[in-house]
Amino acid sequence: MLLFGCIKEVSDFELIVSLPSGLTGFVPVTQISDAYSKLLSKQVTQGELLEDLNPLSDIYSPGALVRCVVTSVEKSADGRRSIKLSINPRNVNKGLNASALTSGMLLSGFVASAEDHGYLVDIGVSGTHAFLPRQKAQNYIKAVRRGSDLKIGQSLNCIIEEVKNEGRMVRLSVDRSEVAASLATEQQNWTLTNLLPGLVVKARVQKVAPTGISLTFLSSFTGIVDFMHVDPEKSTNYSPSQVVKACILSIHPTSKVVRLSLRQAFLQPGGSPHQLSSDRIGAVVEESTVKAFYKQFGAVFELDDGTLAFARLKHLSKTRKSFKPAAFKAGCKHKCRIIDYSLMDEMCILSLKYQIIEARFLRYQDIHTGDVVQGKVLALKPIGMQVKVTDGIKGLVPSMHLADVILKQPEKKYNTGDEVRCRVLECNPTEKKLFLTLKKTLVQSKLPILSSYEDAEPGLVTHGFVVCAREFGCIVKFYNDVKGLVPKNELSSEPISCPEKVFHEGQVVKVMVLKCEPQQERLLLSFRLSGRSAPEGKSECTPKKKQEVKYQIGEMVDVKVLKKKENGLEVSILQDEGNVIASLPTVYLSDFVANCKLLQHCLQEGDVLPRVMCLSDKGDRIILCRKSAVISAVEEEQVVRSFSEIQPGMLLTGFVRSVMPFGVFVEFPYGVTGLAPKVSMSDKFVTDTKDHFVVGQTVIAKVMSIDEEKQRVLLSLKVSECSSGDSAAESFSLLNQYFKEMEEIRDFLKRRGESGMARGLCELVPGKELQLVVQDVKEDGSALFSGSCVRGLTVTATRYHLGDKNIVPGEKTKGLVLHVDAITSKVYVSLREELLKK
């Protein structure tokens, strides 16, 4: 059977399609097109991701209309039907042959390959080669694909522009205005064997009845418009012999019954039906008004906001015996719940059943981790137990979670149909996956639910279950796959030599959180609860501000990052067993302004920084500094400790303390400060001081004069006056230090290993050659790129760095990395030949 459908959801392995009459079908990833299936097979054979193979979510989106053919209807154990579909043109256009093709026909086509001057399109007709010229696709690409190239496997609404060599060669167009205006006519020689859903025809009303309208079209064809597809705004205005536009919805293969729609959304090919906000599904409507009742099908209602909805016969009452037709006369009001939305009928689907209106859960989205749910045993399998929570929600209880202890023969404890009370371990609405536990201790636990690393405050006591016991300790798991380590010394107040003999997999345990590093997804736990309270637990994890030890300015220490703040890091000094807290401001992280922000971005709680210098110690506040130039100046004694040591002509290393309209104040180690007036700030003319320096910037200053009476120091920051003589050596030294820091930053990112994007950033270094695909060319001449090596990153080249190349979206090219901005995840590249050759 051929059907017109609308994509409802897109997953990695299938398309979920809304069909007429409130039905739903599924298109497996193998039933898209021959070219797409070929790429899938190649990827499976090679065992690595192919750049040309795009995931379904990249080429399909909810709301798109597609032509389908039913491949099978499967019935599940609980009596529910599953409709399997194919959108492969080889199946959909099966009734067409080369000789039947004529110009003006509207067909389904799928991109098979991208060529220099256009695209080869698979229209499923044997012996016919279909070609879409690039210029005929430009408007479509700009409007629908936002400038990105057409992808293999992408569905297209194609109009045949020209037929050559008796149908062996056809030229196509996907121009949106041409597609929208297309009509199927008698001159196109459509027959009942090759008629396609989605075609728009001019039809004549034959008969108007309460259940629908019969039409004639294409001279000799007849069709039916059922009550759900009559235009709601014109439902009472149709009369015999009236000429209307209609869209073919389905063609039955044996009875040859054709069903059509008069709804406006389908009367322009390439359009999209109205969608309902997802948060409306599940809503309970206190009063919905019956508009019409159809004794064989159900009832149409008008909701409180004026929209139309439909309830199938089985959803109008609890049982057939309790159903009372008199309660569904036009104007009667009922309480109902929106259980779904049919895109193809542009109607909400309702249920008036009490148990559904009162149901706690209707969709996977309604279930939250830690919820206690009632379910019914569906089946026992080697991996665990299948549980039915509601008609549309099923969950799995893994074998480990069937009881507090591991059951060797669960079939002796549970039978199909048994009612069970479970707790939700994890719920993934997108993939419709639900994992449950039947462990009595977890189900009945009154302790807090630990479902994210952010919730794991030190001192928190909760229940978990052991997933691994080894010589180093136990790994304990909680909800949403959160897990932590109980080290050997925290297993008991008494020493345990072999934890694997004391603890077993699946064992429910009560634990206390000692420490948590959410960004690293690390948890440190303890089984030793007696004698400990939450505040004590926190004190073990948070360093105390013990400031008995004074740190000398210039003293080098190793520190551990405790917390990231807006303007810097809170750290603990490791030499004092982590009991002393200090501040490391962002501007003091590096000599290079850009690296300061980069280090602040990539450093995480728990990271250790060696060789950090104490810049000041005011008893309750220790300020640290990590600027290499400042540390070197202190170590080489090229500093002044007091005003009396300053002499005119000295070159001193310091940092900008403040930028004023009249000049820059510079601070040196040990607290001595000086002013560089506006005229002495730069060799260039200074209009605005903020354009030249920023707070925290490392500088080399020359002492110009001192005023002993007022204790003032006047400085110069002019490069011409502040060089020691060998400017080339100084420049190379600074550059060398910069690259060392960049290498260090890459190491931090690698250690994090949070994502493929972080690892990708580490591997991208200036000078590296990349294989790229042009994504977009902007109006200012710059370009955006994509590629497997830069997935998740923004790759751009300015107009200058495109050189003389005239690139177009979809073109493959080589690029050279110029700069990587790890904060914004931007990569700047060049396509200039003179750089690529080097």
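Is E834 buried, exposed or partly exposed? E834 counts as partly exposed, because its relative accessibility is 42%. Its side chain meets that of R832 in a salt bridge, with 2.7 Å from N to O. R832, by contrast, is buried, with a relative accessible area of 18%; the value falls below the 20% limit for burial. The model described here is predicted.

## Nonpolar cores and a surface patch

The largest nonpolar core has 51 residues. Within this core, W190, L195, L215 and F217 touch the most other members. When residues up to four places away in sequence are not counted, F217 touches L195, V201, K202, A203, T222, G223, I248, V258 and L260. Another core lies apart from the largest one; it has 35 residues, including V580, C602, M613 and I631. In soluble globular proteins, nonpolar side chains tend to be buried together.

L485 belongs to strand β28, which covers residues 483-487. With a relative accessible area of 30%, L485 is partly exposed.

## Salt bridges

A search of the whole structure finds 24 salt bridges. One of these joins E161 to K136, and their closest N and O atoms are 3.0 Å apart. E161 lies in strand β9 and K136 in helix α4 (residues 134-143), so this pair ties together parts that are 25 residues apart in sequence. E161 is partly exposed, with a relative accessible area of 25%, and K136 counts as partly exposed at 25% relative accessibility.

K136 also forms a salt bridge with E178, where the closest N and O atoms are 3.7 Å apart. Here E178 lies in helix α5 and K136 in helix α4, so the pair ties together parts that are 42 residues apart in sequence. E178 counts as partly exposed, at 29% relative accessibility. A network of salt bridges links K136, E161, E162, R171 and E178.

| Salt bridge | N to O distance |
|---|---|
| E161 and K136 | 3.0 Å |
| E178 and K136 | 3.7 Å |
| R832 and E834 | 2.7 Å |

Strand β9 spans residues 155-164 and contains I159. I159 is buried, with a relative accessible area of 8%. Leaving aside neighbours within four places in sequence, I159 is in contact with G104, M105, L106, R171, L172, S173, E178, V179 and S182. Among these contacts are R171 and E178, which also belong to the network of salt bridges. From I159 to L352 the C-alpha distance is 45 Å, and the two residues are 193 residues apart in sequence.

N165 is placed in the loop between β9 and β10 (169-173). The phi of N165 is positive, at about 50 degrees, although N165 is not a glycine. E166 is placed in the loop between β9 and β10 as well. E166, also not a glycine, has a positive phi of about 55 degrees. Most residues other than glycine have a negative phi. E166 is exposed, with a relative accessible area of 67%.

Where does N189 lie? N189 is found in the loop between α5 (176-180) and β11 (200-209). N189 is partly exposed, with a relative accessible area of 46%. Apart from neighbours within four places in sequence, N189 is in contact with T102 and N194. N189 and L218 are 29 residues apart along the chain, and their C-alpha atoms are separated by 9.2 Å.

Key
Residues numbered from 1 in each chain as written. Predicted model: local features only at pLDDT ≥ 70, side-chain atom pairs only at ≥ 80, totals over all residues. Heavy atoms only, no water. Core = buried A, V, L, I, M, F, W, Y, C linked by side-chain atoms within 4.5 Å. Buried < 20%, exposed > 50% of the residue type's maximum accessible area, 1.4 Å probe, protein only. Contact = heavy atoms within 4.5 Å. Helix = DSSP H or I, 4+ residues; strand = E, 2+ residues; numbered from the N terminus. Salt bridge = Lys/Arg side-chain N within 4 Å of Asp/Glu carboxyl O.
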